[in-house]
Amino acid sequence: MAADEHALILDAIAKWAAAEVRPRAMQHDHEDSYPHDLVEQMKELGLFGATIDAEHGGLGLPASVYSGIVEEIARHWMAPTGIFNSHLIAASCLQRTGTEEQKRRWLGRMASGELRGGIALTEPDAGTDLAGIRTHARRDGDEYVVNGGKTWITNSLHGNCLGLLVKTDPDAAPPRAGMSLLFVETRDAAGAPKPGLRIRKLEKLGYRAIDTCELAFEDFRVPAENLIGAEEGRGFYQTVGGLELGRINVAARGSGMARGALDLAVRYAQERKTFGKPIAQHQAIQLKLGEMAARVEAARLLVRSAAAAFDAGERCDMEAGIAKYFASEAAVFCAEEAMRIFGGYSYSKEYDIERYYRDALLMCIGEGTNEMQRIIIARQLIERNPA
Ligand SMILES: Cc1cc2nc3c(=O)[nH]c(=O)nc-3n(C[C@H](O)[C@H](O)[C@H](O)COP(=O)(O)OP(=O)(O)OC[C@H]3O[C@@H](n4cnc5c(N)ncnc54)[C@H](O)[C@@H]3O)c2cc1C
């Protein structure tokens with residue numbers, strides 16, 4: 001696909017997000033109701049196959065275009081970007097490490113949105129420390145029998161497939177050598193959870209309307225042929241390898257949200273008057289707007305730079321980590337400064353800005369907490385610059 005086609009896609013998404021996403025955000029967020037109509041539109045736009053190879057029915061977009069799409073949507077409402085982000089992380093694991101037969105079987109259906117889902121890593125006692133997971137898959141003939149629990153799994157109620165990280169050898173040393181990734185179709189033909197799986201939706205502070213759930217597996221059976229890559233013990237590396245794209249996505253969400261909060265603040269500051277003039281004319285407000293604008297621009301450029309490194313096939317864990325850290329903190333900063341600019345109205349559920357404030361904090365947690373990002377950045381710095 002040529003550069004001008006990429007520009008056309010970004011322009012079309014920007015128009016769609018302003019026309020379709022923005023007007024729906026407040027109601028779905030308040031009601032915590034799933035945006036089924038937006039999902040149907042996202043299928044038509046090809047977003048569920050955005051980064052899946054054209055050979056497997058996707059759009060095969062580079063990270064630089066994909067991150068631009070995410071920014072344009074998150075600028076109005078961040079939550080819908082989560083519907084295709086963890087879905088595409090699962091697809092990326094399959095695309096990079098699945099067998100040819102597995103790619104043929106699932107990637108086309110994922111690209112069309114017929115199969116939609118995410119990636120199930122986190123457990124009640126293991127988030128950052130992934131090697132500490134306890135969900136166990138025991139081989140029984142031509143099936144695995146899964147027992148254990150996952151939590152905070154996005155797209156697990158309205159979706160129908162998951163990349164499920166399990167231990168196939170709980171005694172392996174190091175523990176990561178005993179981890180495997182299963183591709184799980186979670187629902188039967190009638191749409192009900194398959195036997196052995198219980199799903200409980202979690203109530204969240206922000207990122208509402210999107211399903212994030214707790215999952216309990218009890219003697220849940222998965223065909224052995226669903227072991228991604230057909231080899232046990234590779235799950236940790238298969239998963240971690242997908243996180244660079246995930247971090248670029250979260251960075252783009254942060255950058256988009258920071259921009260959206262700034263847009264709202266600039267408009268409000270010109271409408272709201274105190275002491276006979278728009279508050280935008282007060283220097284205290286201008287200092288805020290200036291600082292926000294600088295961080296928005298820096299976040300945008302960091303996302304571009306990480307995406308360009310990813311597209312060039314360069315190692316970019318440090319660049320993706322820096323972009324993710326900076327852009328998510330920019331989102332939190334801009335949302336809070338915008339809240340101050342909105343004064344009392346920031347506290348009203350009738351204004352959009354309070355949603356940005358609630359949603360932004362998630363970006364500091366997802367795809368590796370910002371504490372861990374800084375540790376990863378420092379480790380990379382040391383590795384790349386030996387004394
Ligand atoms: C809305 C939402 C959606 C999510 N969606 C998904 C999903 O789809 N799939 C999925 O698998 N997970 C998902 N998660 C889980 C998310 O990835 C984890 O919450 C995150 O990785 C942090 O893990 P934890 O919550 O267990 O925190 P912990 O790992 O318990 O960390 C607690 C605190 O300790 C800090 N910390 C931990 N270890 C270190 C260390 N070595 N050095 C310094 N500081 C450290 C952390 O930075 C954090 O501040 C989601 C979470 C949320 C809130």
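## Domain layout

The centres of domain 1 and domain 3 lie 21 Å apart, taken over C-alpha atoms. The chain is divided into domain 1 (3-112), domain 2 (117-234) and domain 3 (242-384). These bounds come from an automatic or database domain assignment.

This is a predicted model: local features need pLDDT of at least 70, side-chain atom pairs count only at pLDDT 80 or more, and totals for chains, interfaces and linings use all residues. Residues are numbered from 1 along each chain as its sequence is written.

## Contact between domain 1 and domain 3

Domain 1 puts 23 residues into the contact, and domain 3 puts in 22 residues. Two residues count as in contact if their C-beta atoms, placed from the backbone, lie within 7 Å.

On the domain 1 side, α1 (3-31), α3 (63-74) and α4 (79-97) each supply at least two residues. Helices are DSSP runs of H or I with at least four residues, strands are E runs of at least two, and both are numbered from the N terminus. The most comes from α3, with eight residues. By class, this side of domain 1 has 11 nonpolar, eight polar and four charged residues. Ala, Val, Leu, Ile, Met, Phe, Trp, Tyr, Cys and Pro count as nonpolar, Asp, Glu, Lys and Arg as charged, and the others, Gly among them, as polar.

## Ligand shell

There are 22 residues around the ligand, and Leu121, Gly127, Thr128, Thr369 and Glu371 come nearest. Two or more shell residues come from each of β1 (117-120), β3 (143-154) and α11 (370-384).

Domain 2 and domain 3 each give the shell at least three residues. The shell holds 10 nonpolar, nine polar and three charged residues.

Methods. A residue is near a molecule or strand if its C-beta atom, placed from the backbone, lies within 6 Å of it.
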